[in-house]
Amino acid sequence: MSKPPTLTLPPGARAYRLTTARGEFAVHDAGEPRAGTALLLPGFTGSKEDFIALLAPLARQGFRVVAVDGRGQYETGGPRDEAAYAQDELALDVLAQAEAVAGAPDGAAAPGGRVHLLGHSMGGLVARAAVLRDAAPFASLTLMSSGPAAISAGQQARTRMLIEALGVLDMAAVWQAMRDLDPPEAADAATPPDVAGFLRRRWLANVPEQLIATGRRLLAEPDRVGELAAVPVPKHVLSGEVDYAWPVPLMDDMARRLGARRTVVGGAEHSPGAERPGPTAGALAAFWHDCAAGRP
C-alpha cells in the first residue's frame, strides 16, 4: 500500500472532478503544459494522493500533471458489479481521461496533442492495456513498479486472502484483519496522524468489487510484453531497488524486451513516487523531455 508523505497539495494545484466521455473522475491537477501533459494512474488499493509529492517538481519542469482516482477508487466511486472493472473497461476509462486532459486547463492545446501516460503497479497493467488498445493519444508510456505478468508468488497468496475476505467481510473488518497480519516493522510511529487516518478512509471508500476484480487481474495477468514491444511508443520502466510485487530482475528483463529506458531509484521500494519523489520526478521529467526532443 502506497503511503503519501503528505496530503497537502502544492501551491497552484487543484482537486476537482474531471468530466470525460466515460463519466467523472476525481483528480489532482498541477502545472501548465509548456513541455507536455502527463496522466498518472495509481495502483491496487492506491489513489491520486500517491502522486502528491511528484506534482510540484514535475510542474517546475514544465509539465501539467493530472493524477486520477480510477473507477471504484477512493473519491471516484463506481458500480457494485465486478464486470464494470474488467481490464477492457478500465482501459477505455484511461483513453477517455487522456482525451479529456489533452488540452490545458485554459483550453490551449497540449504540445503535440498527446499525453505521457504513467501507471504505478496495477495501474501499469491498466496503462499497458490502454496503449495496446489505442496508442494514438500517448506521447510515451512509463511503467512504474509494474511487471510483465502476474505478481510474485508471495504477493499472490496475500492477494488471494484479501479477495476471499472481501467476499465475506465488510471493508472495515477487512482493514483490521490486514493490519493484524502486518509484520511488527510495518507499524510506523513516524506516520503523521492525518496520513494514517487517510489510509483508512481511502480503504473504506474503495468499491469492494473493484478490488476483487483488479486483485484477480494481478493473479492472472498474462505476459503481454511482446505485444507492447511492437507498439511504436517510447517506453520507460522505473522502479525502486527492492520490489515485493515484481522482483527487480524481472523488471530489468522486461525493460530489455521492450527496448525501454530503465531507471532504478535508489532508496526506494514499491512506491518510488512517494518514497523518493525527487529522484523519481527527475527521471520522469528527463524521459519526457527526451521524448519531445526525439531521443527517448
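**Notebook: looking through a predicted fold**

I started with the surface: the protein chain has an accessible surface of about 11,800 Å², and 54% of that belongs to carbon and sulfur atoms.

Next I checked the overall build. I count eleven helices and eight strands in the protein chain. The radius of gyration is 18 Å, close to the 19 Å from the globule rule for 296 residues, so the chain is as compact as a globular protein of that length. I also looked up the extent of the C-alpha trace, which spans about 50 × 40 × 40 Å along its principal axes. Of the 296 residues, 55% are buried. For contacts with a separation of 6 or more, I get 77% between residues 24 or more positions apart.

Then the inside. Which residues have the most contacts within the largest nonpolar core? They are L117, F138 and W203, in a core of 61 residues. Helix α3 (residues 122-133) gives this core its largest share, seven residues.

On to the strands. I picked β7 (residues 235-240) and β8 (residues 261-265), which pair in the parallel sense over five bridges. Within the pair, I find S239 of β7 opposite V264 in β8. Which hand does the crossover from β7 to β8 have, right or left? Tracing the chain from β7 through helix α9 (residues 248-258) to β8, I get a right-handed β-α-β crossover.

Y74 is not a glycine, yet its phi is positive, about 40 degrees. Y74 sits in the loop between β4 (63-68) and α2 (87-101). Is Y74 buried or exposed? With a relative accessible area of 13%, under the 20% cut-off, Y74 is buried.

The other one is S145, also not a glycine, with a positive phi near 50 degrees. I find S145 in the loop between β6 (138-144) and α4 (153-166). S145 is buried too, and its relative accessible area is 0%.

Key:
Residues numbered from 1 in each chain as written. Predicted model: local features only at pLDDT ≥ 70, side-chain atom pairs only at ≥ 80, totals over all residues. Heavy atoms only, no water. Pairing = 2+ DSSP bridges. Helix = DSSP H or I, 4+ residues; strand = E, 2+ residues; numbered from the N terminus. Right-handed = clockwise from strand over helix to strand, strands pointing away. Core = buried A, V, L, I, M, F, W, Y, C linked by side-chain atoms within 4.5 Å. Buried < 20%, exposed > 50% of the residue type's maximum accessible area, 1.4 Å probe, protein only. Rg over C-alpha atoms; globule rule 2.2 N^0.38 Å. Contact = heavy atoms within 4.5 Å. Areas by Shrake-Rupley, 256 points an atom, 1.4 Å probe, with all protein chains shown as cover.
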